[in-house]
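Colleague: Could you put the model up so that we can go through it together? I have a few quick questions, and I may jump between topics.

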Amino acid sequence: MSAMSKQVVYLIRHASARYGVDQQGRSLVYGPTAELSDAGKLQCVRLARSILQTEGAPLEILITSPYTRAEQTAAILAREMSINSIVKDNRLRDTDSTWEGTAVDEFLRIFTQGNTFADPRTLETLEQVGDRMKA
């Protein structure tokens, strides 16, 4: 890379995942194996095209978390942009927790109150998450 070349980094969490629902029809917090929804797959294609249009070239590498929805997002981006290098990094996962299967509205109530890390369903401290992300 020359001194005049720019280095671009895109931080992309993942496209829309498919939520499970309970008997009352409420969306449930998904876990590591949740897959992309059909809308999420389309979001990936659109994002890849947008990046190609903006950058004029594909990205060099994709780094993904070990979660199914993130790996699927990276795979679609790679296919659409002809990227050959996808690296999985386990540090890029969500917070260790037992939230999976909890109604989304209940989780969002606790989240918007700022109590996510005080709740016993979150098994990592904010500092632990920060240390993992910095690593």
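Colleague: Which residues are linked in a network of salt bridges?

Modeller: Bearing in mind that this is a predicted model, the residues joined in a salt-bridge network are Arg93, Asp96, Glu124 and Arg132.

Colleague: And how many salt bridges does the count come to?

Modeller: The count comes to 13 salt bridges, in a chain that carries 16 positive and 17 negative side chains, with the centres of the two sets 4 Å apart.

Colleague: Which residue forms a salt bridge with arginine 26?

Modeller: Arginine 26 pairs with aspartate 22, and their closest N and O atoms are 2.7 Å apart.

Colleague: Is aspartate 22 buried or exposed?

Modeller: Aspartate 22 is buried, because its relative accessible area is 18% and the cut-off for buried is under 20%. Arginine 26, by contrast, is partly exposed at 38%.

Colleague: What about aspartate 89, which side chain does it meet in a salt bridge?

Modeller: Aspartate 89 meets arginine 91, at 2.6 Å from N to O; aspartate 89 counts as buried at 16% relative accessibility, while arginine 91 is partly exposed at 37%. There is also a salt bridge between aspartate 119 and arginine 121, at 2.9 Å, and aspartate 119 is buried as well, with a relative accessibility of 13%.

Colleague: Changing topic, which residues make up the largest nonpolar core?

Modeller: That core has nine residues in all, namely Ala48, Ile51, Leu59, Leu62, Ala74, Leu77, Ala78, Met81 and Ile83. Helix H1 (38-55) and helix H2 (68-81) are the elements that each give two or more residues to this core, and H2 gives the most, with four.

Colleague: What does alanine 78 touch, not counting residues up to four places away in sequence?

Modeller: Leaving out those sequence neighbours, alanine 78 touches Leu62, Ile83 and Ile86. A second, separate core has five residues, among them Leu36, Cys44, Val45 and Ile76.

Colleague: Stepping back, in what order do the elements run from the N terminus?

Modeller: The order is β-β-α-β-α-β-α-α, which comprises four helices and four strands, and the C-alpha trace spans about 50 × 35 × 25 Å along its principal axes.

Colleague: How many of the residues count as buried?

Modeller: Of the 135 residues, 30% count as buried, and the chain exposes about 9000 Å², of which carbon and sulfur atoms supply 52%. As for contacts between residues at least 6 apart in sequence, 62% of them join residues at least 24 apart.

Note on methods
Residues are numbered from 1 along each chain as its sequence is written. This is a predicted model: local features need pLDDT of at least 70, side-chain atom pairs count only at pLDDT 80 or more; totals for chains, interfaces and linings use all residues. Side-chain values use heavy atoms; hydrogens and water are left out. Buried means under 20% relative accessible area, exposed over 50%, partly exposed in between (1.4 Å probe, protein chains only). Contact means heavy atoms within 4.5 Å. Accessible areas come from the Shrake-Rupley method with a 1.4 Å probe; for residues, only the protein chains shown count as cover. Lys and Arg count as positive and Asp and Glu as negative; His and the chain ends are not counted. The place of a charge is taken as NZ of Lys, CZ of Arg, CG of Asp or CD of Glu. A nonpolar core is a set of buried Ala, Val, Leu, Ile, Met, Phe, Trp, Tyr and Cys residues joined through side-chain atoms within 4.5 Å. A salt bridge is a side-chain nitrogen of Lys or Arg within 4 Å of a carboxyl oxygen of Asp or Glu.
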